[in-house]
Amino acid sequence: MTSTFPNISISTERLVLRPLDEDDVAALTAMMNDEQVAAWTDVPQPFTEDGALTWITEYAPTERTAGRGLDLAVTEFLTQRLVGIIQLGKTNWHVRSTELSYIVAPWARGEGYASEAALATAQWLFTDQKFERIELRTAADNTASQQVAQKIGCISEGVLRNACIARTRAEDDTWIDVRTDFIVWSLLPEDLEGAGEQLADSGGFTTYSDWN
């Protein structure tokens, strides 16, 4: 029998992580058309509202019910504005491991939202879902993503050479693929000790106290 993630909402002091819904279409579309998102992800460009609707109503529910992963909208607690996405994928229920990735809207960067959302998700995975390993992969030149991994306590395990396809703008303003390396990071339950306090001390986020 295939295991699946529940439909859940995770709350921090600043954020609410919840399932995507159709009200997110416009904000999701705008976020996915950002230059940095286009450069470091395989999201189709240009990203359309039809693509966002398909993601929300078809792709995300299918991934969850099939047991492969979970997509969560990251929203501000006070404004309910969409600030990013947390994705779990390549989930192995026997090993109790999954791969975590994150995207933050351009206007919300620099606020520590990615670290706060990723750490809250990791805590939930390790405590509620009894997972034993979370894996992250960051492109070799994506220093912002690497900083998030370090902030939440991830350990760098090595480099997958030439394993990542990123994108760059060509002279004619189209996107072209470029090959680069993946840095592989892991997070185990014991790696989280003190991660929340370190983030709070550095101004990364306010320590969360409750989740649903």
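User: What volume does the second largest pocket have?

Analyst: This is a predicted model. In the model, the second largest pocket has a volume of about 160 Å³.

User: Which residues line the second largest pocket, and what makes them lining residues?

Analyst: The lining consists of Asn7, Pro19, Leu20, Ile56, Ala60, Pro61, Arg64, Leu70, Asp71 and Leu72. They are called lining residues because each has an atom within 4 Å of a point of the pocket. Helix H3 gives the most, with four residues, and both H3 and strand E3 supply at least two. By class, seven of the lining residues are nonpolar, one is polar and two are charged.

User: How much space lies in the largest pocket, and which residues are closest to its centre?

Analyst: About 1400 Å³ of space lies in the largest pocket. Of the 47 residues that line it, Trp40, Thr41, Ser101, Tyr102 and Ile103 are the closest to the centre. Strand E5, residues 97–104, provides the largest share of this lining, six residues. The classes in the lining are 22 nonpolar, 14 polar and 11 charged residues.

User: Where does Thr41 lie, and what does it touch?

Analyst: Thr41 lies in the loop between helix H2 (35–40) and helix H3 (49–65). Not counting residues up to four places away in sequence, Thr41 touches Ile103 and Arg167.

User: Which peptide bond is cis, and where is its proline found?

Analyst: The peptide bond from Gln45 to Pro46 is cis, with omega near -5°. Pro46 is found in the loop between H2 and H3. For context, most peptide bonds are trans.

User: How many cavities of 30 Å³ or more does the structure hold, and what makes a space a cavity instead of a pocket?

Analyst: The structure holds one cavity of 30 Å³ or more. A space is called a cavity because a 1.4 Å probe fits there but cannot get out, whereas a pocket is open. About 40 Å³ of space lies in the largest cavity. Its lining includes Val74, Tyr102, Ile103 and Tyr113. The elements that give two or more residues to this lining are E4, E5 and helix H4 (113–127). Strand E4 provides the largest share, four residues. By class, the lining has 10 nonpolar, one polar and no charged residues.

User: How do you know that Cys154 and Cys164 form no disulfide?

Analyst: The sulfur of Cys164 is 17 Å from the closest cysteine sulfur, in Cys154. A disulfide needs the two sulfur atoms within 2.5 Å, so this pair is too far apart for a bond. A search of the whole structure finds zero disulfides.

User: Why are Cys154 and Cys164 called buried?

Analyst: Buried means under 20% relative accessible area. Cys154 has 8%, so Cys154 is buried. Cys164 has 5%, so Cys164 is buried as well.

User: Why is Leu125 called buried, and which residues does it contact?

Analyst: Leu125, found in helix H4, has a relative accessible area of 0%, so it falls under the 20% limit and is buried. Leaving aside neighbours within four places in sequence, Leu125 is in contact with Phe5, Leu88, Thr98, Lys130, Phe131 and Ile134.

Conventions. Residues are numbered from 1 along each chain as its sequence is written. This is a predicted model: local features need pLDDT of at least 70, side-chain atom pairs count only at pLDDT 80 or more; totals for chains, interfaces and linings use all residues. Side-chain values use heavy atoms; hydrogens and water are left out. Buried means under 20% relative accessible area, exposed over 50%, partly exposed in between (1.4 Å probe, protein chains only). Contact means heavy atoms within 4.5 Å. On a 1 Å grid over the protein atoms alone, a cavity is a set of points where a 1.4 Å probe fits but cannot get out, and a pocket is an open set with protein on both sides within 12 Å along at least five of seven lines; lining residues have an atom within 4 Å of a point. Grid points are joined across faces, edges and corners, and a volume is the space filled by probe spheres set on the points. Ala, Val, Leu, Ile, Met, Phe, Trp, Tyr, Cys and Pro count as nonpolar, Asp, Glu, Lys and Arg as charged, and the others, Gly among them, as polar.
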